Amino acid sequence: MELVCPAGTPAALRAAVDSGAHSVYCGFADATNARNFPGLNFSRAELAEGVGYAHAQGAKVLVAINTFPTAGDEGLWHCAVADAACAGADAVILADLGLLAHAAEHHPDLRRHLSVQAAAANPDAINFYAEAFGVRRVVLPRVLSVEEIAAINREIAVETEVFVFGGLCVMAEGRCSLSSYATGRSPNMNGVCSPPEFVDYANEGGQNVARLGGFVIHRTPNGASAPYPTLCKGCFTSADKTGHVFEDAVSLDASTLVPRLAKAGVTALKIEGRQRSRAYVGQIVRAFRAVTDALEAGREPPALALARLSEGQSATTGAYAKTWR
Amino acid sequence: MLAARGDVSIPRILILPMRVLPLWPVSLGLSALARRILQAHPEILSRIDKYQSKGFALDITDLPFALHLDPARAAVRAWPRGAAPPADARISGTLAGFLAMLHGVEDGDTLFFSGALQIEGDMSAVLALRNALDDAELDLGAEVQRALPMLAPPLRAAIARFERLTGLPLRRPDLSEVY
């Protein structure tokens, strides 16, 4: 199986490749990709250099251009696709219908993957993207069970890629309005779930208090495990009950499910975390490469101990091992 | 074993002199090192971008003094704890944690998740600084040796010995051995 690994910086790209990534995904330092954080991402020159480094070691580079262009301002996104092609990228990861149409028309030889931001979670949607825009691979949303993924794969002709580690989005991806409610900005249009300029941490009464857009979203005792400052992982009080309304502060770890995902027809395993450091990338990629190598060799995959690296320091297999009520 | 989890403390025998000695040599030495690093790695300031003019309080909790980083001026100043000037952003953690992050041994988000690292203030500036330093793949031990080439061989040996004795990651290790 192909291991698709995150890189927020050229150093992280090298760490991913050196640690055994089959493919690395990254994005430009602007609003065209869904990890648009300060200090992160690639210039055009850095991407070209990164592609050269990856190709020299037999790895591919996929460029995420997976936010939704603003009407009347498509030039930035069109330019990003052209520059990815020019840099020698092996594929672009797109979500927007218009951008997919543009890429199919103007860059027909550039392989197109459908971003998870498109939230294509059934055969009809996937087959539409494949037929209309020549999409070759679909990144599936993190809301499907392994059995549902197997059923989808039986009805489509394109490759599927699934997340196996990292941040766990349980929303209809690309449609989430939580950040917009609190900050007026959204991951779909601006590229970040919680824009850092709206995040505030304060030490209040022995507690680390996190606010997003002025709203308190959780309080943790100093020194205790803390989640990312996203509304979906917030801890709220309602009717005298306090808890995580949307999702617990946990990360996805589907390492134990990799053999079942392979049998379900999945082509590629994706690791989330372009906002993380090269230390994270190196450790996770090395661990998952041991899993895919074992699978390839017909051995039992090794058990991984990666919870420490996870948000909330705990992990879940998410929707893969359960069905929705 | 390096302080891969940032949970190694500075030996108490080293803390005592730090409490009584003047802080200006620390400021001079760290500022010289910062200038050298920024000259050798101009991409750091490119990545920090518009946050260069921000002031960062580096609250190294196991040191008896606090540091104030001013990227635009390549200045690092040590202040008595409690007397440091206001900063746009504050990052608090152990020296081992800071060094492990700088050398690519430890992930900043992991330290944050575990409660070993606290951040306050301008989050955009914190992220820009963190990402810029992570991309630079710094090696403080090598930078110190390059700054003092005549003393490089004994410095190399001293840094390695100090690293073994304290567990503090003072150099960028071969990461394939760490992971």
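Student: How many residues of chain B are in contact with how many of chain A?
Tutor: This is a predicted model, in which local features need pLDDT of at least 70, side-chain atom pairs count only at pLDDT 80 or more, and totals for chains, interfaces and linings use all residues. Residues are numbered from 1 along each chain as its sequence is written, chains are lettered from A in the order in which they are written, and side-chain values use heavy atoms, with hydrogens and water left out. Contact means heavy atoms within 4.5 Å. On chain B the count is 36 residues, and on chain A it is 40.

Student: What area is buried between chain B and chain A?
Tutor: Buried area is the accessible area (1.4 Å probe) that two parts lose on being put together, summed over both. Carbon and sulfur atoms give 49% of it. The total is about 3000 Å².

Student: Which residue of chain B meets R14(A) in a salt bridge?
Tutor: A salt bridge puts a side-chain nitrogen of Lys or Arg within 4 Å of a carboxyl oxygen of Asp or Glu. The rule finds six across this interface. For R14(A), the N to O distance is 2.8 Å, and the partner is E137(B).

Student: Which element gives the most to the side of chain B that touches chain A?
Tutor: Helices (H or I, at least four residues) and strands (E, at least two) are DSSP runs, numbered from the N terminus. In chain B, α5 (108-114), β5 (118-121), α6 (123-136) and α9 (175-178) each supply at least two residues to that side. With ten residues, the top contributor is α6(B).
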